[in-house]
Amino acid sequence: MLHEFIQLLSGWTSLDTAIAASAALTAMSCALPGAWLVLRRHSMMGDALSHAALPGVVLAFLFAVGIKQAGWVSDSQEGALLHVLLFSGAVVVGVGTAWLTEWVQRLGRMESGASLGVVFTSVFALGLLLIRLKADDVHIDVSCVLFGIIETAALDMVPGTSVPEPVLVNGVIFAVNLLLVVLFYKELKIAAFDPALATSLGIPARGIHYGLMAVTALTVVAAFTTVGSILVIGLLIIPAATALLLSERLKAVLLLSVLIAGASAVLGHAFTLTLPRMIFSRLGYDSIEDAGTAGMMSVTAGGLFVAALFLAPKHGIIARLVHRLRLGMNIAGDDVLGLLYRFEERTATRPPAVSVPDLAAKQNGISRWLMSLSVRRLLRGGFVIRQASDELRLTDRGRASAKSLVRAHRLWEAYMARHFDLPDDHLHETADRVEHFIDEGIQDRLQAELDTPAKDPHGKIIPEKPASR
Amino acid sequence: MTESTALPVPAETHAVEHPLSSPLSIHDMTVAYHRRPVIWDVDYDAPTGQLIAIVGPNGAGKSTLIKAVLDLVPKVSGEVRVFGLPYAKQRSRVAYVPQRTSVDWDFPVSAQDVVAMGLYRRLGWCRPVTKKWRKKAREALDRVGLADFARRQISQLSGGQQQRVFLARALVQEADLYLMDEPFAGVDAATERAILHVLQDLRSTGKTALVVHHDLQTVSDYFDHVLLLNMRLIAAGPTTEVFTDENLRRTYGGRLALLDQVGTRLAEGQR
Amino acid sequence: MSAMLAMAMCVGGGLEAFGKGSLQIANCKLQIVDCAIPLVRELCLGTHPQGTHPRGTSLLCVPSCELPVLAAESVWLVKQGISKDAFPNRVRERGWSRVAVCTGRPQRPIRNLQFAICSLQSSFPDRMPFAQPSPPIFSRLLRVLSLRDYNTRVVLLGTTLLGITAGVVGTFMLLRKRALVGDVVGHSALPGIAVAFLVMEGVSPGTGKSLPGLLTGAFVFGLAGAVSVMLIGRYSRIKPDAAMAMTLSVFYGLGAALFTIVQKVPGGNAAGLKTFLNGKTASLTADDVWLFASVAAVVLTLTMLLLKELTLLCFDDQFAAAEGWPVFGLDTLLIGLVVTVTIIGLQSVGLILVVATLIIPPASARFWTDDIRWMTLGAGLVGGLSSFGGTVMSALFPHVAAGAVIVLTGACLFTVSLCFGAQQGVAIHWLRQRKLRRDVGRVDLLRAMFELLEHQTREAVPTLEQIVVREFSLADLLPMRSWEPGAVRGLLSIAARDGLVRAAGHDVWQLTPSGAEEARRVVRNHRLWEMYLTQYAHIAPSHVDRDADLIEHVLDPDLIAELSRQLEHAEDDVPASSHTTGGGSQAPD
C-alpha cells in the first residue's frame, strides 16, 4: 500500500510542485484571517464573504469591460486596471456584506445566523444571475466558481519568469496578512476577546471588525481562481479550528493554523495523485487517475481536523478516554488498597489477606474486568503481593499508598462533619467518591484547617502523613 | 476461605430510608457538572404543604439543585424521590417555573399559548389544543391577574408580566409540587404581590412549593420553611428556627476554598 | 490572477468568431469548448513561439459536465509529454468530437485554459446560429401563466410545492436558532450524489442517474453533515459556527473531488448531475413531481401534527425536557425534516442556495405576524410564491437559472416584508417610535407648563382655572428643558392639533380645559413615580428626575394604582414634587 503510494508519487513533476505551491500559499493566506474569524465566532461570516465575492468579481469585470470599451485604457494597462478593480471590489463587497448583515439583523431584530443566511444567499444569487445575463461580457463559468480548478490556474506563469502566477498573488496576500497580524496583533486580540473592553481602551472594535472583513474578502478573491468560492471556506476555518484543538495559546494557534493550512494543501495534492487511483483501481475502474486538488485539500484539512479531534494531546477524544480509563483503574486500585488497609486495621493480630473474587463482590459498582485489571496493575507495581490460593496482601509500599488514601477519606469526613449539617452516617459515601481526588497537598490543607484531628467522626484514627514515598 | 467470608464490611455505610409522604426527598445528592456550581451531599426532605425558600449566595448552586431534581443535570450520586417515587414516574405531579431569562421572549406566541404549554403533556402527542384547554389556560392567566393579556404577544409584556405567565403555565399543570427558579427576580411590586398571592393560594390547597429566592428581606414574610444553601446544605427547617443571623453568616460567609477545589476535580473526573 | 485577465480578454477575439458563424456544429446538444489542450501543452512546454493563440487551432466539442476533466486532462497530457499527433486518439477515446476551427485573431494571448474554456462555453448558447427567434415576451408570459404546456404545469406545481414545504419546515429551524444548518445540509449533499451515482453505475451500468437513488445518496450525506456538526459540538471545544463552516466545506470538497472522478468513469454518462448544484427546474418530469408531492405531503402532515411539540421545543427546550418530552428525539426529527426538504429542494434551487428557501420565507413571515401558526402559514405562502415566481421567470428567459431567480424573488419579498411588515416591519416600527416620541414630547410639554405655573403662583397645587387662564410664551418654556425653539414649536403645534393647547398670539399659548386636565394627570403620574423611587429604591432625590422622565412613559394604569395605594395619596391629588422649588415640599428621608 505504502509502496504503491510512493510509487505513484514518484511521478511528481515540476508542474505538481507549482500546483502544490499555489495551493499551499492560497491556504496559508486564508488561514490567518480565518483564525480570527473562528476566534471571534464569525466563522459563518467567512461563508457569507466567499459567496458574496461572486457578484463583486462579476461587477469588477463588467466595469473593466466598460472602461475598456470606452477606450480609456490601453491593452497594456488593462491587466493592472482589472487587478485594482477586483481587489477594491472585494473590499467593497466584503465590508458591504458585513454591514448589510448587521443592518438586516438590527432592523429586522433577527438572529445573526438568519440575517446572514438571507443576505449571502441573495447576494450569491444575484451574482449567478449577473453571470448569466452578462455572459457576453463576463466569461466566468459557474463550475469554475463553485469548484475552482487549481490545476490550470497553476499553469499561468508570471510573464517573463517561471513562477506560477497564483504563487505570486497569494504569496503577496499572505505576506500582507502576516504583516497586518504582526502589526495589529494586540488590537486584534483584545477586540476578539472583549470588544467592549477594547472600545473603552480606545481601540475601535467596530473598525477592526470591518477591517477584518475587508481583509478576508481580499484574501477570498485572491483564492477564488484557485479553489473556487465554496472550498475557500474550508481553508479559512478548518486550519484554525484544528489549531485550536491542539493549543490554547493564541500565538501558537496562529502559527499552527498556517502550518496546518500549508500541510493540508501539499498533502491534498499528493493524495489527489495517489488515493483515487489506489482506491478506484481496486474497484475495477482503471481509468481514474486523479481527482480535483481543490476538493482534496479541503478533505485533507478535514482529515487533519478529525485526527486532531482524536489525537490531540490534552483534549483529544483518545486522550480523554485513556484518562478516563486510567482514572477508573486508579479508583478501583485505590479501593482495593483501602479495603486491604481497613481489613488490616481491624484484624491486626492475624496476617491479613483477601481473595480477588471477594474483592469484586465487595466493590459493587466497579466492573469485574476493571477490578482484575487494576489488581494486576497493583501486583506489577509492587503494592500488593499474591499469596497462595489467590489471596492478596499489602506490601509496605502498598500500605503507604493505602494510608494516604484512608487519610484522605477520613480527613474529608472530618471536614464534612465540621461544615455540613449531616448525620455522621451520611459522610462515608461522599468521602468514598472524593478520596481519589484529594492529593497530598489538599490533605495537608485539610489537616491544617481541622487543626490536625486525630480521629474521624466515626472515631477511627486518621493515619499520619506517610514519611516519604 | 472462612476468614474472607467473615471479612468485616467497613462500618461506614448506612441504610437508605424514604419518608413516603414527603413531596420531595433528596438523598445524599452530589452534583458536579461542567462549570456549574458543585453541590455537595444534599440530604433533605421537604415538608408537605409548605412554602419553602432556597436561599444562598450567587454560585451557591440553587438553580443547579432544582435542575438536578428535574434530571436536567446529571447527578454524581444520590437519589431524588417525588412523593416516594423517582421523578420520571411522577412528572405529572411536578410543575417547573424556569428562570425568565432562559427563553427568547421575541418568540411568536401569545401569553395564552405559553400557558397552554403546561397542558401539552396531559394532551399527549399530536393532539391540538382545543377550546376546553384554552379555557383552562385563560383561567390560569386570570389567577395571576393577566386575564386581559391572554392574546398579547409575549414580548409586549413587561418583565413582571412575563414572570406571571410562567407562573400561570405551572399553575395550569395542577401539580402537587412546584419548583420555581427565581420567580421574584427583577419583578415589579404588583407582580411580587400576585406571585405571593398565588403561592399562598397553593399552600392553602395543600401544595408544596420550593422557590429559589434571593431577597433576604422578604424570606421571613413569605416563606414557612427555608433551605440555606452554599455548595452544601447549611441548614433547613422552619423559617423561624433556621433563618437566624448565625446561619446566614455561615451561608454568606464566603466559599469554602477546599470544597470548591475538590469539587472542580470531581467535575473533571466525571467528564 | 491572469485567469481573470484571460476572462476579460476573451471578450473580443476568439468569441467574435463564433458570432460570425464560422463554427460548424455537429450536434447541437453539445456545447462548445476551446481547443486548448494542445495549446496548453505548447504553452507550457514553451514550444509555441509567442505564447499566443494560433490561428486554425482545433476546437473540441465537450459535454459541459466534463470541463474539470478536460482541465485535468490537459495537465495529464502535459505531464505525459504526449505529442499533438497523439491527441486525436485521446479525443476519440473520450467520445469528444472535433468540430470546428477557431478563426480568432492571431497574436491574442490566451494564457489560461480554464477560463478560455469557460468563456466560450458560457457565451455560446446565446450565439447559437440556429437559435429560433423567440415570440414576444407578453405572449410567452401568457403561455406560461395559462399553464398551457403540460411540462410547465408539472414544473410549476413541483417547485411551488417545494417552496411551501421548505418555508414551513424552515420556520421551526429559524425559531430554533439553527437557520444555517440548512446550508450545511445542502452543501453536504454533493458527495452523496456522486457516491450514489458511482454505486448505481457499479451495480448496473446505465442506471446511475435514477433520481430516487441520487436523492437517497444526497439524503444520507446531508444527514451525515448535520450529525457531524452535532458531534463536533459535543465532543470538542469547537464552537457551532466553526463546526458548521468546517463540515460544509469538507463535505463539499469531497463532493468536488468525487465529481472529477465520476466524470471519468468509463461509460458512465455523468452529464446532468451538476444540475443539482444550481438547480434546473426544466428537467423535472411528472414522475419527479409525484415524488416531491408525496414527500411534501408527508413532511407537511408531520409538521402539522407535531406543531405543538415543535413549538414547545423551539420556545423552551429546558421546560420540555423537564416535562418529559424527548427533546433529543424531537431535535433529530426536525433535522430529519430539514434534510428531507433540502434534498428534494436541490432540484429547484440547487444545493448552494437551498438554504435560502429555508430561511427567507419564515424570516419574511415573521414581520407580518406575532403568532407561530400564522407565521408557519405565511412562510409557506412566501416560499410558494417565490418558487412560483422564480420558475415563471426562468421559463420566460431560458438562460436564467431558476434557482437564482427563486432566491432573488424571495429576497424581494423579504425586503418588502422587512420594510412594510404589519407587526415587526421597519415602517410600522418607525411609526410606533414616532408615536412614542410624540407622547414623550407631549408629556414633557405639559409637565413643563404645569411646573412653570406652580413655580410662579407659589401655590402647591394650581387649580384648573388658574391653569387655563395662564398664557405661556415660548421664552417661558425654553428654560424648562434643554430643548430647541423649533422642537418646542413642533410639540406645541401637535398639542394644538390634539386640542390640548391653543394659540393666544404669536408664540404665546394657552392650555385648553382638557389640556389642563391632562397636565394634572401626567404631573401626578410623574410625582408618584418619583416618590416611589425615593422611598423604595433608595435613590437620592436629585437623581430621580431623569429616571422618572424615562419611566413614566411606560407606567401601566395598574402600577399607578399600586403606587397610589402605597403612597397613600388620594386619587385626585397631585403630590408635590420632592425637589422643585414649589411650596409644600415634603421630601422623604
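These notebook entries record what I looked up in a predicted model with chains A, B and C.

**Entry 1. Ground rules**

I noted that this is a predicted model in which local features need pLDDT of at least 70 and side-chain atom pairs count only at pLDDT 80 or more, while totals for chains, interfaces and linings use all residues. Residues are numbered from 1 along each chain as its sequence is written, chains are lettered from A and ligands numbered from 1 in the order in which they are written, and side-chain values use heavy atoms, with hydrogens and water left out.

**Entry 2. Chain C as a whole**

I looked up the secondary structure of chain C and found 26 helices and 6 strands. Helices (H or I, at least four residues) and strands (E, at least two) are DSSP runs, numbered from the N terminus. Chain C has 589 residues, and 57% of them count as buried. Buried means under 20% relative accessible area, exposed means over 50%, and partly exposed lies in between (1.4 Å probe, protein chains only). I also looked at contacts in chain C between residues at least 6 apart in sequence; 74% of these join residues at least 24 apart. A contact means heavy atoms within 4.5 Å.

**Entry 3. A sheet in chain C**

In which order do the strands of the open sheet in chain C lie? I read the order of its 3 strands as β4-β6-β5, with antiparallel pairing. Two strands pair if DSSP finds at least two bridges between them. The edge strands of chain C are β4 (471–473) and β5 (501–503), each pairing on one side only. From one strand to the next, the twist averages 35°. Axes for such angles are lines fitted to C-alpha atoms, for helices over the stretch in contact, and the angles run from 0 to 180 degrees between N-to-C directions. I then followed β4(C) to β6 (residues 508–511) of chain C: 3 bridges join the two antiparallel strands. C:Ser473 has C:Val508 in β6(C) as its bridge partner.

**Entry 4. Strand β8 of chain B**

Is strand β8 of chain B enclosed or open? I found that 6 of the 6 residues of β8 (residues 208–213) are buried, so the strand is largely enclosed by the rest of the structure. B:Thr208, B:Leu210 and B:Val212 point one way, B:Ala209, B:Val211 and B:His213 point the other way, and all are buried.

I next looked up the partners of β8(B). Strand β3 (residues 51–55) of chain B is joined to β8(B) by 5 bridges and runs parallel to it; here B:Leu51 stands opposite B:Ala209. Strand β7 (residues 177–180) of chain B also pairs with β8(B) in the parallel sense, over 4 bridges, and B:Met180 stands opposite B:Val211. Together with helix α7 (residues 189–204) of chain B, β7(B) and β8(B) make a right-handed β-α-β unit. A crossover is right-handed if, with the strands pointing away from the viewer, the path from the first strand over the helix to the second runs clockwise.

**Entry 5. Salt bridges**

How many salt bridges does the structure hold over all chains? The total is 33. A salt bridge is a side-chain nitrogen of Lys or Arg within 4 Å of a carboxyl oxygen of Asp or Glu.

I looked up A:Glu248 and C:Arg237, whose side chains meet in a salt bridge (3.3 Å, N to O). A:Glu248 lies in the loop between α11 (205–246) and α12 (250–282) of chain A and C:Arg237 in the loop between α10 (211–235) and α11 (240–262) of chain C, so the pair joins two chains. C:Arg237 is partly exposed, at 32% relative accessible area.

C:Lys177 forms a salt bridge with B:Asp104, with the closest N and O atoms 2.8 Å apart. This pair also crosses between chains, C:Lys177 being in the loop between α8 (150–175) and α9 (181–203) of chain C and B:Asp104 in the loop between β6 (94–97) and α3 (111–116) of chain B. C:Lys177 is partly exposed at 41%, and B:Asp104 is partly exposed at 28%.

Finally, I noted that C:Arg176, C:Arg178, C:Asp317 and C:Asp331 are linked in a network of salt bridges.

**Entry 6. Domains of chain A**

I found chain A divided into domain 1 (2–312) and domain 2 (320–449); such bounds come from an automatic or database domain assignment. The C-alpha centres of these two domains of chain A lie 56 Å apart.
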